[in-house]
Amino acid sequence: MRRASAGVRFDVSGIESDSVYPPAVNRLIRALSQLPGIGARSAERLAFHMLKSESETVLGLAAAIADIKKSIRHCSMCYNLTEADPCPICSSPRRNHELILVVEQPKDLIALEQTGMHKGLYHVLMGRLSPLDGIGPDDLTLAALLARVDDPGQNGGVQVREVILGLNPTLEGDGTALFVAEELRARKVQVSRLARGLPTGWQLEYANKAVLADAIEGRQNMD
Ligand SMILES: [Zn+2]
């Protein structure tokens, strides 16, 4: 039987090292290097940091990671990330259920929520239309939004009066906003969009609170 040569490199792309790690370390490095912004070198450094750390610290991290997959889900009404379903925003009696602010991603919702300016509910589309990437209306939660507008039963028993489009001011965000507005045009609902305080190409999540608050307050009708 042939033995693997000592010079065999594990499949840790980008790591230029002849050192042979135990398989478990290798698996960790590979998993870490798949995280956004973590290259092979950083993944290696993190893995060795964990090896040196107290068991308690590392097991706490592992448990926190496992928890988000076990306990966090999408709200069945607005698709926000939540532990309880419906989420605390959708189930709050203090929020105005007649008003829905549509965003692309949960992180946009968080940015807008931090302004404290929006008293209504949200709807997270979970993306934006991108024909070049093959992302069409069926890949978003658009049907669920339309169902909320059409049927008060899908919106906590309250008829929707206004939908505010809070998509990013990018080419794809604008295209998505126009598409959603068109879908809503035939329905008895007011459609508005965030004021143009944000420079084109910017992402909502990076805008500061004051700019976002102005954008909500100065929203414009799309009729
Ligand atoms: Zn919700």
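## Starting at Leu32

Let's begin with one residue. Leaving aside residues up to four places away in sequence, Leu32 touches Ile38, Ala43, Leu46 and Ala47. Leu32 sits in helix H1, and it counts as partly exposed because it has 18 C-beta neighbours inside 10 Å. Glu44 is 12 residues from Leu32 in sequence, and their C-alpha atoms are 8.2 Å apart in space. Keep in mind that this is a predicted model.

## How H1 meets H2

Now for the two helices around that spot. H1 covers residues 23–32 and H2 covers residues 40–52; they pack at an angle of about 130 degrees, with axes 8 Å apart. That angle makes H1 oblique to H2. As for handedness, the crossing of H1 and H2 is right-handed.

Which residues make the contact? On the H1 side they are Val25, Leu28, Ile29 and Leu32, and on the H2 side Ala43, Glu44, Leu46 and Ala47. Sorted by class, the contact of H1 with H2 has seven nonpolar residues, no polar ones and one charged one.

## The whole chain

Stepping back, the chain has seven helices and seven strands. Read from the N terminus, the elements go α-α-α-β-β-β-α-β-α-β-α-β-α-β. Of the 223 residues in the chain, 28% are buried. Among contacts with a separation of 6 or more, 54% are between residues 24 or more positions apart.

The chain has an average pLDDT of 88, and 88% of the residues score at least 70. In the chain, strand E4 (residues 120–124) has the highest confidence, at 98, while helix H7 (residues 209–217) has the lowest, at a mean of 80.

Residues 1–10 are another matter: pLDDT stays under 50 there, and the model has six contacts beyond four places in sequence for this stretch. Where pLDDT is low, the predicted coordinates should not be read in detail.

## Around H7

Thr115 is in the loop between helix H4 (106–113) and E4. What does Thr115 touch, not counting residues up to four places away in sequence? Its partners are Lys209, Leu212, Ala213 and Ile216. Asp214 is 99 residues from Thr115 along the chain, yet their C-alpha atoms are separated by 9.5 Å. With 18 C-beta neighbours inside 10 Å, Thr115 counts as partly exposed.

Gly218 is found in the loop between H7 and strand E7 (220–221). Gly218 has 12 other C-beta atoms within 10 Å, so it is exposed. Ala195 lies 23 residues away from Gly218 along the chain, with 5.2 Å between their C-alpha atoms.

Most residues other than glycine have a negative phi, and most peptide bonds are trans. A few spots here go the other way. Tyr79 is not a glycine, but has a positive phi of about 70 degrees. Tyr79 is in the loop between strand E1 (73–74) and E2. Is Tyr79 buried or exposed? Tyr79 counts as buried because it has 23 C-beta neighbours inside 10 Å, and the cut-off for that is 20 or more.

Met126 also is not a glycine and has a positive phi, of about 65 degrees. Met126 lies in the loop between E4 and helix H5 (142–150), and with 16 C-beta neighbours inside 10 Å it counts as partly exposed. Finally, Asp85 and Pro86 are joined by a cis peptide bond, with omega about 0 degrees. Pro86 is in the loop between strand E2 (81–82) and strand E3 (96–103).

Terms used
Residues are numbered from 1 along each chain as its sequence is written. This is a predicted model: local features need pLDDT of at least 70, side-chain atom pairs count only at pLDDT 80 or more; totals for chains, interfaces and linings use all residues. Axes are lines fitted to C-alpha atoms, for helices over the stretch in contact, and angles run from 0 to 180 degrees between N-to-C directions. Helices (H or I, at least four residues) and strands (E, at least two) are DSSP runs, numbered from the N terminus. Angles under 35 degrees count as roughly parallel, over 145 as roughly antiparallel, 65 to 115 as roughly perpendicular and the rest as oblique. A crossing is left-handed if the near helix is turned anticlockwise from the far one by less than a right angle, and right-handed if clockwise. Two residues are in contact if their C-beta atoms, placed from the backbone, lie within 7 Å. Ala, Val, Leu, Ile, Met, Phe, Trp, Tyr, Cys and Pro count as nonpolar, Asp, Glu, Lys and Arg as charged, and the others, Gly among them, as polar. pLDDT is the predictor's confidence in each residue, from 0 to 100.
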